[in-house]
Amino acid sequence: MFGNMMEQPLLVSSLLRHVERHHGTQEIVSRRIEGDIHRYTYRDMAHRARQLAKALHALGVGAGEVAATLAWNGYRHLELYYAVSGTGAVLHTLNPRLHPDQIAWIAQHAEDKALFFDLTFLPLVESLASRLPTVKAFVLLAARTHMPSSTTIPDLLCYEELLVAQDDRYEWPTFDERTASSLCYTSGTTGDPKGVLYSHRSTLLHAYGAALPDAHKLSACDVVLPVVPLFHVNAWGLPYTSSLVGAKLVMPGANLDGASLYELFDTEQVSFTCGVPTVWQGLLTHMEQTGLRLPHLRRVGIGGSACPPSMLATFERVHGVDVLHGWGMTETSPFCAGSALKSQHAGLDLDARLAVKAKQGRVVFGVDIRINNDEGRELPWNGHTSGNLLVRGPWVLNRYYKGEQSPLRDGWFPTGDIATIDADGYIQITDRSKDVIKSGGEWIGSIDLENVAMAHPAVAMAACIAVPHPKWDERPLLVVQRKPGVEVSRETLLAFYSGKVAKWWTPDDVVFVDQIPLGNTGKMLKSELREQFSNHQLPNP
Ligand code: AMP
């Protein structure tokens, strides 16, 4: 027997309808590429999204077709988020930090029909246009005054003119909630990037999950600034969760340095933000140097790579900001787990609470996890046995876009991460499987070793990589980027490990570099370091 309740598909357009009707006057503030600050409301956004939906039809981008973006976090990009998916087309957020060859490969693989891009990327698109045979319409996200006087892009269109040509009489269509809504390719540090095709249903369910009190804890009283880009896993779902709750949105544009971010946080009274640790390093350094504080910031979501305990402690102790250390991936929409405390942790002292929060956290309803050994047998949740982390849930990938083979194992998605799970269900990621250091047949957790180094006041960034060793197969090498103008020796850093990790985990050597290479989503490129130091001679091997 079926229940007697209404059947309403979970569609991205329903978020827009909701936020326009119930939070229409709430603000969206954007730092524009043009240099100024732009303000309007969700009602204005919804109005322009309907005009854009009609413009998409006029351009011939129909349901099931793919419209791509190369753009920073700003209101026009947000309009595309809603209009493209709302019409039944697929929003493909290209990552401009990828190599141009990769962008061209991805755009062809996705069969992008239209490309909307920010002024910043005009030279990039000019260099790529001839290699994008499927793209029929190139649209610059600007007004006529900012259009170039000449360009090699054929028939370049002006976004604001496309909108003005349309009225906003448009009804969002209703269709199957399993319809594709957006497409995002994995970072592709190894092999070709792979497409992850989200559905309306997965996007809405993820938004419900990510907004929960033990996740991003979002409400209509929040002012949300997504530092995480709209081109990286839908900015961790923040464009959707903000509409779901009716929060004010602040879009930072292209300037993600500490001073620019601080200014927006301060003037717009931002209460919640999300980003990768490297971004927070810039903001915290700026505040340390200037003595500035952020009285309005209440919570910060940190993920994408491990949040060093030293960063966690600075946010919590010095700035009184609640850190939500989260774990997820492109394939999981991304939010799966966050480090919110349980009731039994509430009475613990701050050090003990921070130790819980340093883990990547526990899942929200919808997602389930397990750790397996290499033979596929499930391992115990005791906080010290580590294994391959697998996940499943309605916002976890089933198969890659155009992928022929299912990546699943017995219905679970293998994440490629190595983790422990403790008795309370908290995950701790010890490594990416391709980054593990295997010494004498035993794993050494590179993230733990990096966290120790990052706690040293002279260290700006630290990566721990495996280098070949004649006796132990591999041993850890610590690669350090020092803070500007600060000296620290190899011996001091090695001595800093004493008592903090098992003795045999202590790195065998330290090398200093000017800059640790970062990938296109702000993660350390350990593959590059491994190549650079593949012939490194360890002392006394
Ligand atoms: P991406 O698909 O680019 O978002 O990368 C996902 C990968 O980032 C995961 O599989 C992890 O290896 C890593 N990652 C994400 N969040 C964390 C975290 N909090 N701690 C450690 N690694 C993380």
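For this tour, Ala, Val, Leu, Ile, Met, Phe, Trp, Tyr, Cys and Pro count as nonpolar, Asp, Glu, Lys and Arg as charged, and the others, Gly among them, as polar. The model is predicted, and local features need pLDDT of at least 70, side-chain atom pairs count only at pLDDT 80 or more, while totals for chains, interfaces and linings use all residues. Residues are numbered from 1 along each chain as its sequence is written, and side-chain values use heavy atoms, with hydrogens and water left out.

**The sheet**

Begin with the open sheet of 9 strands, which has mixed pairing and the order β2-β1-β11-β10-β12-β13-β14-β15-β16; strands are DSSP runs of E with at least two residues, helices are runs of H or I with at least four, both numbered from the N terminus, and two strands pair if DSSP finds at least two bridges between them. Its edge strands, each pairing on one side only, are β2 (37-41) and β16 (362-363).

Next, select residues 272-275 (β12) and residues 299-302 (β13), two parallel strands that are joined by 4 bridges. Within this pair, Gly-275 has Ile-302 of β13 as its bridge partner.

**The cavities**

A search of the whole structure finds 4 cavities of 30 Å³ or more. On a 1 Å grid over the protein atoms alone, a cavity is a set of points where a 1.4 Å probe fits but cannot get out, and lining residues have an atom within 4 Å of a point; points are joined across faces, edges and corners, and a volume is the space filled by probe spheres set on them.

The largest cavity holds about 130 Å³ of space. To find its centre, select Ile-33, Gly-74, Tyr-75, Arg-76 and Asp-118, the closest of the 15 residues in its lining. That lining divides into 5 nonpolar, 5 polar and 5 charged residues, and its largest share, 3 residues, comes from α3.

For the second largest cavity, of about 100 Å³, select Asn-95, Leu-98, Tyr-185, Thr-186 and Phe-231, which lie nearest its centre among 14 lining residues. This lining has 6 nonpolar, 8 polar and no charged residues.

Key:
1 Å grid on protein atoms, 1.4 Å probe; cavity = no way out; pocket = protein on both sides within 12 Å on 5 of 7 lines; lining within 4 Å.
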